[in-house]
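Work through the exercises below with the coordinates open. Try each task before reading its solution.

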Amino acid sequence: MSVKVRIPTPLQRVTGGKAEVETAPGKVIDIVGALDKAFPGIAERISEGGKIRRFVNIYVNEEDIRFLQGENTAVKDGDELSIVPAIAGGRQ
Amino acid sequence: MGYVKALRCRECSREYPVEPIYVCEFCFGPLEVVYDYEGIGRVLDRRRIEERPKNLWRYRELLPIDGEPRVGFNSGFTPLLKADNLAKALGVRELYIKDDTVMHPTLSFKDRVVSVALTKALEFGFDTVACASTGNLAHSVSALGARSGLKRFVFIPASLEQSKITASIVYSPNLIAVDGNYDDVNRLCSEIANKYKWAFVNINIRPYYAEGSKTLGFEVLEQLGWKAPDNVVIPCASGSLLTKIWKSFKEAKMIGLIDALPTKVFAAQATGCSPIVAAIKKGTEVIRPVKPDTVAKSLAIGNPADGYYAGAVVRETGGGGEDVSDIELIGAIKLLAATEGVFAETAGGVTLAATKKLVEDGRIDRDSSTVVCITGNGLKTQEALAGHTATVHRIKPNLASFEDVLKGISHKGEVM
């Protein structure tokens, strides 16, 4: 068992084209660090100074981490983590 | 030929070629269209625009297309009503309604952005368009997409009003109702957009699509005699419309279509989903997402991607933000209909109710000019008014029964 991470298109250049990768459980910010070891460059793209960037949404099991414990949200074995760029429009 | 130079990241200013992409690969900032304004300034002036057909393409040099427009030849150039009855009711000197309730063909401002998005999608060579929508966008993509001969996938939250679902499905798109709210639909769609080579108008076509909103702003300026209003009140869901109307005003000033730009920009949201207005009121740049709970479903985006920039525009212009309850917005829908004969959807009620509060507490000067942006038609959200309208007078088909009722109505008419 491990955590499944969904990688959006703009980041797939860093993951060698992979849309999904697996990682060990932990806090969201630690997972970002672990991903960066496997795929250097990920952390600086989606975070800055230990905080997730303004235009990046991270979901743990379909819930926005801003409604959980933010960067400190615990991600367990079997959980899914999605990295999704903020998108606008679609209003109305 | 077009005047688009490149796409540029709004956060880190890295430039990208004109392709169906929407976020910066380095910082995930949104990409925005950059134009050759010097070139546009040389060819575009008031007279040139005024000679053209009255549709949104009369400002085509300021829209992100390279070839000819492909759809939307009857969209745009909606009325700007001088709303004297409403002005009197609110106690202000000069009030205008920008009336997108009568937009061709689907009765909301979304026909502006979709006309631009579909023209661009065809330029890019796509044969399928898609969108995530809470209603109006779904209608517009379904209808204009049909006219353009494109295959259509439309994703909506399953909880939408039946009337809004009917108004999409009638055009025979592939309509996918997702068990979740708009933010869930959006998240799913951005994952689908990763996998399928479709033109998602509000995802990978978004930098181009969003530019279509500028036409509302250009029209307001032109219809005021190439003058900017003192105030403009704009409904916010993602915040994109507000930022693009402000962009249109700045572009018009830059290329000399208007001489002065004194406008204050105001944001309107429903209290049950007001992350942008909450940030403006608190004086912070940070947008905290919320779980929407309002009858104004077309504005129910709890995690507004352009919220940060909308807040920045409000601050830059010295404007403000206001949020209103469901009861207040329903009252405003009825007020607009009863004073000016315009039936707005719930978002329009939000905008007008917010305007009223802004006037009452002095943030909008009673002696200034104000444009209220009404972006969609009330026939689409009739459910919201259930139980809130005046009583119908029911009578027998005879004169006595009618005159019984008439006694209760203040009636000053002469009897023959």
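This is a predicted model: local features need pLDDT of at least 70, side-chain atom pairs count only at pLDDT 80 or more; totals for chains, interfaces and linings use all residues.

Residues are numbered from 1 along each chain as its sequence is written, with chains lettered from A and ligands numbered from 1 in the order in which they are written.

**Exercise 1.** Compare the radius of gyration of chain B with the globule rule.

Solution. Take the radius over C-alpha atoms; the rule is 2.2 Å times the number of residues to the power 0.38. For 416 residues the rule gives 22 Å, and chain B has 22 Å, so chain B is as compact as a globular protein of that length. Its C-alpha atoms fill a box of roughly 75 × 45 × 45 Å along the principal axes.

**Exercise 2.** Find which residues touch the most other members of the largest nonpolar core.

Solution. Start with burial: 56% of the 416 residues in chain B are buried (20 or more other C-beta atoms within 10 Å, C-beta atoms being placed from the backbone). Next, join buried Ala, Val, Leu, Ile, Met, Phe, Trp, Tyr and Cys through C-beta atoms within 7 Å. The largest core has 147 residues, and B:I234 and B:A267 touch the most other members.

**Exercise 3.** Describe the side of chain B that touches chain A.

Solution. Count contacts (C-beta atoms, placed from the backbone, within 7 Å): 43 residues of chain B meet 27 of chain A. Helix 7 of chain B gives the most, six residues (helices are DSSP runs of H or I, at least four residues, numbered from the N terminus).

Key: Two residues are in contact if their C-beta atoms, placed from the backbone, lie within 7 Å. Helices (H or I, at least four residues) and strands (E, at least two) are DSSP runs, numbered from the N terminus. Ala, Val, Leu, Ile, Met, Phe, Trp, Tyr, Cys and Pro count as nonpolar, Asp, Glu, Lys and Arg as charged, and the others, Gly among them, as polar. A residue is buried if 20 or more other C-beta atoms lie within 10 Å of its own, exposed if 12 or fewer, and partly exposed in between; C-beta atoms are placed from the backbone.
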